[in-house]
Amino acid sequence: MIGEVKVLKVVDQHGMSDFLNVVDGIYQDCLQYVPDLKSDIKDMFDKKKNPGLEFTNVQPFVAYRGTEPVGRIVGIINHRANKKWKTNNVRFSMIEFIDDPAVSKALITTVEEWGRDMGMDTIQGPMGITDFDKEGMLIEDFQLMGTMSTIYNPAYYPIHMEQLGYQKEVDWVQIRIQVPKELPARYARVAQYAKEQMGLRVIKLSNKDVYQYGYGKKIFDLLNKAYSPIFGYSSLTDAQADKFIHKYLKMIDKQLIPVVVNDEQRLVGVCITMGGMSQAMRKANGKLLPIGWYHLLKALKWRREKNAEMLLIAIDPEFQGLGVNALFFEDLIPIYNNYGFEWAETGPQLEDNVRELSQWKPLNPQFVKRRRCYFKKLIYK
């Protein structure tokens, strides 16, 4: 394409509007793309609404050819993560670009330079501020529908990354299962053992449990404990946990969130799932108003989509391998059938997490949507 590409910092509402809307042209004919709510993206850059900015430097950029926005990217430096992992990483996130190597190079080079100016020696991504933000560039299965909790991108994106000298750091895969009519026998045996020998049981939380009796905070304390060894993870602060609790746990059907406790009522495991929202998000087209909220509410309450999203599982390390996963399946499979869910898909799972991946074997899993975190060493001139 003809014309110089320039990349500008987003510093005002006009720049933010271009940042939000550039995806509309890139994905206008893509049936698999699930748009984010633009209000959620704006909140990411608002210190009053994103407590992660207390310890993170974040800078959005937009690429232009002439006056036309042709791409975007965000530079992120998570100082808590760098301190924990003894790294000097700058992350890139929300990268989007038309199929033009000049645009992708201009965007990624801008964040490389921004990172160098901040004293960083490595760039990695796509990764967000937290492990619960969208991460990993899709490198396979572009024909499959995206989800509200994961990145979808065109097939040319990873080609551009490799041409720019980026290498694999880690890969994630997602697990897709057909919901069985009955609990597989292996899970039934293990669940029985967990209940009879370990004194474990599933409970369901009410909003009162979450907000007044402290179970919301307990869930995020457990997530921090269980996920601490996982690639790139930095513990959520109390302020971040409060944000997730009040913004997201309130809207999810608590019947789809089994919690496992022991005889002493100690929280030892949680599985957060929800009904699929992909079609509803597409209908909302990134906006709650004027009627986007209605499509989302309908999918949550009245006309469910055919799949469930298994967002995360966290188990106290002291109780891993003792049947907690089987208790989750024993609880959820009848509920999924009652709700009319025909299939379910997990969030991204690290490809080398053998214990995590092996638990799905009795359900004849498909491993789909491989996605990649890239990295590159920054060279100082």
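**Close-up 1. Helix H8 passes helix H9 in a right-handed crossing.** A crossing is called right-handed if the near helix is turned clockwise from the far one by less than a right angle, and left-handed if anticlockwise. Do keep in mind that this is a predicted model, in which local features need pLDDT of at least 70, side-chain atom pairs count only at pLDDT 80 or more, and totals for chains, interfaces and linings use all residues. Residues are numbered from 1 along each chain as its sequence is written, and side-chain values use heavy atoms, with hydrogens and water left out. H8 covers residues 215-227 and H9 residues 238-249; they pack at an angle of about 120°, with their axes 10 Å apart. That makes H8 oblique to H9. (Axes are lines fitted to C-alpha atoms, for helices over the stretch in contact, and angles run from 0 to 180 degrees between N-to-C directions; under 35 degrees counts as roughly parallel, over 145 as roughly antiparallel, 65 to 115 as roughly perpendicular and the rest as oblique.) On the H8 side, Gly216, Lys217, Ile219 and Phe220 meet Asp238, Ala241, Phe244, Ile245 and Leu249 of H9, contact meaning heavy atoms within 4.5 Å. By class, this contact has six nonpolar, one polar and two charged residues. (Ala, Val, Leu, Ile, Met, Phe, Trp, Tyr, Cys and Pro count as nonpolar, Asp, Glu, Lys and Arg as charged, and the others, Gly among them, as polar; helices, H or I with at least four residues, and strands, E with at least two, are DSSP runs numbered from the N terminus.)

**Close-up 2. The largest cavity has a volume of about 60 Å³.** The structure holds five cavities of 30 Å³ or more. (On a 1 Å grid over the protein atoms alone, a cavity is a set of points where a 1.4 Å probe fits but cannot get out, a pocket is an open set with protein on both sides within 12 Å along at least five of seven lines, and lining residues have an atom within 4 Å of a point; points are joined across faces, edges and corners, and a volume is the space filled by probe spheres set on them.) Around the largest cavity you will find Asp253, Leu256, Met274, Gly275, Ala299, Leu300, Arg304, Tyr339 and Phe341. Strand S10 (267-275) and helix H11 (292-301) are the elements giving two or more residues to this lining.

**Close-up 3. The second largest cavity holds about 50 Å³ of space.** Its lining is made up of Cys271, Ile272, Met310, Leu311, Leu312, Ile313, Thr346, Gln349, Glu356 and Trp360. Strand S11 contributes the largest share, four residues. Seven of the lining residues are nonpolar, two polar and one charged.

Close-up 4. Of the 14 residues that line the pocket, Val10, Met16, Phe45, Val58 and Pro60 lie nearest its centre. Helix H1 (13-26) and strand S2 (56-65) each supply at least two lining residues, and S2 gives the most, with four. The lining has eight nonpolar, three polar and three charged residues.

**Close-up 5. A cis peptide bond joins glycine 125 and proline 126.** Its omega is about 0°. Proline 126 sits in the loop between strand S5 (122-125) and strand S6 (137-138). Aspartate 141 has a phi near 60°, a positive value in a residue other than glycine, and lies in the loop between S6 and helix H5 (156-163). Most residues other than glycine have a negative phi, and most peptide bonds are trans.
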